[in-house]
Structure formats: structure tokens, C-alpha cells
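Trainee: Before we go through this model, let us settle the terms and then take the helices in turn.

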Amino acid sequence: MGDYAKALGAKLRGIRQQQGLSLHGVEQKSGGRWKAVVVGSYERGDRAVTVQKLAELADFYGVPVVELLPEGRVPSGAEPATKIVINLERLQQLPAEKVGPLARYAATIQSQRGDYNG
């Protein structure tokens, strides 16, 4: 498989890990619908995933299909980005008139990161 399949697999793995699921956890949560070995082979890029299966996986993970697709480029693995932490729970406790722009910014970041785990 090519670089695109590996990048797609990395996105699949990232969404799964973000939800705190192991490969066997996916199999258990899906009631056996998604076998650990199959999902693992998708994530490694060893097995091609059809559009139908990708849509079903997106539905299972509760994310839009577009969140599973690579951005047209393979991550270079260069320098990691500097981490900035925003306390979203505290942000929700502050008055809306004071945090409106920051709250919208945080929501945009969550959307771009595909952070659908709440």
C-alpha cells in the first residue's frame, strides 16, 4: 500500500485512540461487527478500505467521514507543535460576553483536530 493508505490508517488510529479504544475494544464495542485484525490492518495501511466501510467506520466512531481522510499530504513527522492547554470546563464557567471569541476559537480547534470525544 502507498503513503495515502498509511496516512488514512494514521487518521483511523488517531480517532480510535482519542476515544480510548484498543483494537479489541473496537471489536467488543461493535459487538463483533468490526474485527480487531481488520481494523488493525486498515490502520497499518496493509488492507484497502472501501468507501462504504470507511463511511460505516466513521458512523461507528461518531465522526464525519471527512475527519478520517488525510489532508492530501502525508505527515512529515517533523518537529512536534508546541502544546497549548485551554481548560474547556473553566471556559464554560466564565460569562459568555467575556469568552465569546475564545470559546469560538476553542470550538474551531476541536473541530479541526477532530476532537469528538467531548
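Mentor: A nonpolar core is a set of buried Ala, Val, Leu, Ile, Met, Phe, Trp, Tyr and Cys residues joined through side-chain atoms within 4.5 Å. Buried means under 20% relative accessible area, exposed over 50%, and partly exposed in between, with a 1.4 Å probe and protein chains only. This is a predicted model, in which local features need pLDDT of at least 70 and side-chain atom pairs count only at pLDDT 80 or more, while totals for chains, interfaces and linings use all residues. Residues are numbered from 1 along each chain as its sequence is written, and side-chain values use heavy atoms, with hydrogens and water left out.

Trainee: How many helices and strands are there in the protein chain?
Mentor: Helices (H or I, at least four residues) and strands (E, at least two) are DSSP runs, numbered from the N terminus. Along the sequence the pattern is α-α-α-α-α-α. The count for the protein chain is six helices and zero strands.

Trainee: Which element gives the most residues to the largest nonpolar core?
Mentor: The largest nonpolar core has 17 residues, and those with the most contacts inside it are Leu12, Val26, Trp34, Tyr42, Tyr61 and Leu68. Two or more residues come from each of α1, α3 and α4. With five residues, the element that gives the most to this core is α4.

Trainee: Is helix α3 largely enclosed or largely open, and what covers its buried residues?
Mentor: Seven of the nine residues of α3 (residues 36-44) are buried, so the helix is largely enclosed by the rest of the structure. The buried ones are Ala36, Val38, Val39, Gly40, Ser41, Tyr42 and Glu43. With contact meaning heavy atoms within 4.5 Å, the cover includes α1 (3-18), α2 (23-29) and α4 (51-61).

Trainee: How are α1 and α4 oriented to each other?
Mentor: Axes are lines fitted to C-alpha atoms, for helices over the stretch in contact, and angles run from 0 to 180 degrees between N-to-C directions. Angles under 35 degrees count as roughly parallel, over 145 as roughly antiparallel, 65 to 115 as roughly perpendicular and the rest as oblique. α1 and α4 pack at about 20°, with axes 11 Å apart. That makes α1, relative to α4, roughly parallel.

Trainee: How many charged residues are in the contact of α1 with α4?
Mentor: Leu8, Leu12, Ile15 and Arg16 in α1 meet Leu54, Leu57 and Tyr61 in α4. Ala, Val, Leu, Ile, Met, Phe, Trp, Tyr, Cys and Pro count as nonpolar, Asp, Glu, Lys and Arg as charged, and the others, Gly among them, as polar. The residues of this contact divide into six nonpolar, no polar and, as for charged, one.

Trainee: What is the orientation of α1 to α3?
Mentor: The two helices α1 and α3 pack at an angle of about 125°, with their axes 6 Å apart. That makes the orientation of α1 to α3 oblique.

Trainee: How many charged residues does the contact of α1 with α3 hold?
Mentor: From α1, Ala5, Lys6, Gly9, Ala10, Leu12, Arg13 and Arg16 meet Tyr42, Glu43 and Arg44 in α3. The residues divide into four nonpolar, one polar and, for charged, five.

Trainee: Does Lys53 count as buried, exposed or partly exposed, and which residues are touched by Lys53?
Mentor: Lys53 lies in helix α4. At 30% relative accessibility, Lys53 counts as partly exposed. Not counting residues up to four places away in sequence, Lys53 touches Arg33, Trp34 and Tyr42.
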